[in-house]
Amino acid sequence: MVKTVGLPAEIKDGERRVALDPSAVKMLSHSDIVSLVEKGAGIGSGFSDQDYRSVGAQIVDTAEETWSCDLVCKVKEPQQSEWVHFRKGLKLFAYLHLAAAPALTNALVDTGVEAYAFETLTWPKGHPLLAPMSEIAGRAAAIMGAFHLAEGSGTLLGGASGVPPARVVVIGMGVAGTMAARGARGMDAEVTGVDVDLERLYEVHEQKIVTSTLYSNHHNIGDAVANADLVITAALVTGAKAPVLITREQVQSMRPGSVIVDLAIDQGGSVETSKPTSLSHPTYVEAGVIHYCVTNVPGQYPRTSSRALSAAVIPRLLDLARDAKSDRLAGSLNVSQNRVVHPAVAASLQAGYETDIS
Ligand SMILES: NC(=O)c1ccc[n+]([C@@H]2O[C@H](COP(=O)([O-])OP(=O)(O)OC[C@H]3O[C@@H](n4cnc5c(N)ncnc54)[C@H](O)[C@@H]3O)[C@@H](O)[C@H]2O)c1
């Protein structure tokens, strides 16, 4: 039974979110769970220490004190300087993206942390703790793509009288891809939605979220990408390393100054030329194409993101605090008793971890 929950301040580059807002902390207080909030943890999202104190939280001076709680709830995967706090039996509830993070996985496995990942929780359907951030990242992808096209090829998404609109290709028409497509359509671009799920392609076409659809395979993606001004990737297979859908050769076929926004970078990236970037240094140019590969896109909209995340997390956090074996946590347990127990994560890491999902 969890009696104390720690809320450390986020330390990833540019990250200003907090996992729980004061309304969620109040729900913990009502369930007789003590919250230890690191001083200033909510500031970036517009929540003062006094806001947390007034709903029953204890404000503590150091991250270390929050990590001494039974359970730590945070936004992003622990950064290397935080690994020193790992200990046997500690429950961790956060975005982890372990398929793309072997060193972090080893640290969790070696120390015996019970690690629950937001992004692999699948009850009752979809990814209820990933979806709110995918919604925001998708909207942001269209904005960031449009912004960086100005410094790249100098193309305006909507075109002008006598000039056709820009061509945007969105790969993966789930939550993030749909929002990205809506954003690009809202700026009057021509948008092609790509997916392996034909039913989903029917829906987004029928709802006029895209101007055209394309079945996802190597050949079709090659053609679409070669003619695109902006490519946004948002394909996901739960827990697994992102499928690489765009090869280096296909990137080289793009017009110089085109832009790729690889949202799937948190799962390892869907473009052969992608590598993770930060909010401080979000882009780099390779093969003449601007790559935007930020792993915490919603972190730049903390007021909106923290409230959306907190609303999704708090019911599951209460479930976890009461009964870690609850069905409502299905899929979230990634590391337990010194082993990787999520099969897709284990398979992607190819580290020969023994899997046990019983
Ligand atoms: N970089 C960031 O800051 C950030 C923020 C939020 C989400 N994300 C990432 O965005 C990605 C998408 O998340 P989501 O919530 O939209 O997922 P989702 O499950 O809602 O959608 C994924 C879509 O990908 C499709 N897909 C799977 N394999 C495919 C393939 N080979 N080709 C084309 N489409 C394929 C699925 O059919 C589905 O429609 C995830 O990797 C997620 O972690 C990144």
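1. Asn-338 sits in the loop between β14 and β15 (helices, H or I of at least four residues, and strands, E of at least two, are DSSP runs numbered from the N terminus). Its phi is near 65 degrees, a positive value in a residue other than glycine.

2. A word on what you are looking at: this is a predicted model, in which local features need pLDDT of at least 70 and side-chain atom pairs count only at pLDDT 80 or more, while totals for chains, interfaces and linings use all residues. Residues are numbered from 1 along each chain as its sequence is written, and side-chain values use heavy atoms, leaving out hydrogens and water.

3. Now the whole chain. It holds 11 helices and 15 strands. Its radius of gyration is 21 Å, close to the 21 Å from the globule rule for 358 residues, so the chain is as compact as a globular protein of that length (the radius is taken over C-alpha atoms, and the rule is 2.2 Å times the number of residues to the power 0.38). The C-alpha trace spans about 65 × 45 × 35 Å along its principal axes, and 54% of the 358 residues are buried.

4. Contacts also deserve a look (contact means heavy atoms within 4.5 Å). Of those between residues at least 6 apart in sequence, 64% join residues at least 24 apart.

5. Next, please find Ala-115 in strand β6, residues 114–117. Ala-115 counts as buried because its relative accessibility is 0%. Leaving aside residues up to four places away in sequence, Ala-115 touches Leu-92, Leu-96, Leu-108, Ser-332, Leu-333, Asn-334 and Val-335. Pro-128 is 13 residues from Ala-115 in sequence, and their C-alpha atoms are 18 Å apart.

6. One of those neighbours, Leu-108, is also among the buried residues of helix α4 (residues 102–111), along with Leu-104, Thr-105, Ala-107 and Val-109. The buried residues of α4 pack against β5 (91–94), β6, β14 (333–336), β15 (339–340) and α11 (343–349). Just after the helix, Gly-112 has a positive phi of about 85 degrees.

7. Strand β13 (residues 289–292) is covered on both faces, with Val-289 and His-291 buried on one side and Ile-290 and Tyr-292 buried on the other. Strand β11 (residues 259–262) runs parallel to β13, joined by three bridges (two strands pair if DSSP finds at least two bridges between them), and Val-261 stands opposite Tyr-292. Strand β12 (residues 283–286) runs antiparallel to β13, with four bridges, and Tyr-284 has His-291 as its bridge partner. β12 and β13 form a hairpin with two residues between them, and Ala-287 in the turn has a positive phi of about 55 degrees.

8. Finally, some backbone details to check. Most residues other than glycine have a negative phi, and most peptide bonds are trans. His-97, in the loop between β5 and α4, has a positive phi near 50 degrees; His-97 counts as buried because its relative accessibility is 6%. Trp-123 and Pro-124 are joined by a cis peptide bond with omega about -5 degrees, and Pro-124 is in the loop between β6 and α5 (131–151).

Notes
Buried means under 20% relative accessible area, exposed over 50%, partly exposed in between (1.4 Å probe, protein chains only).
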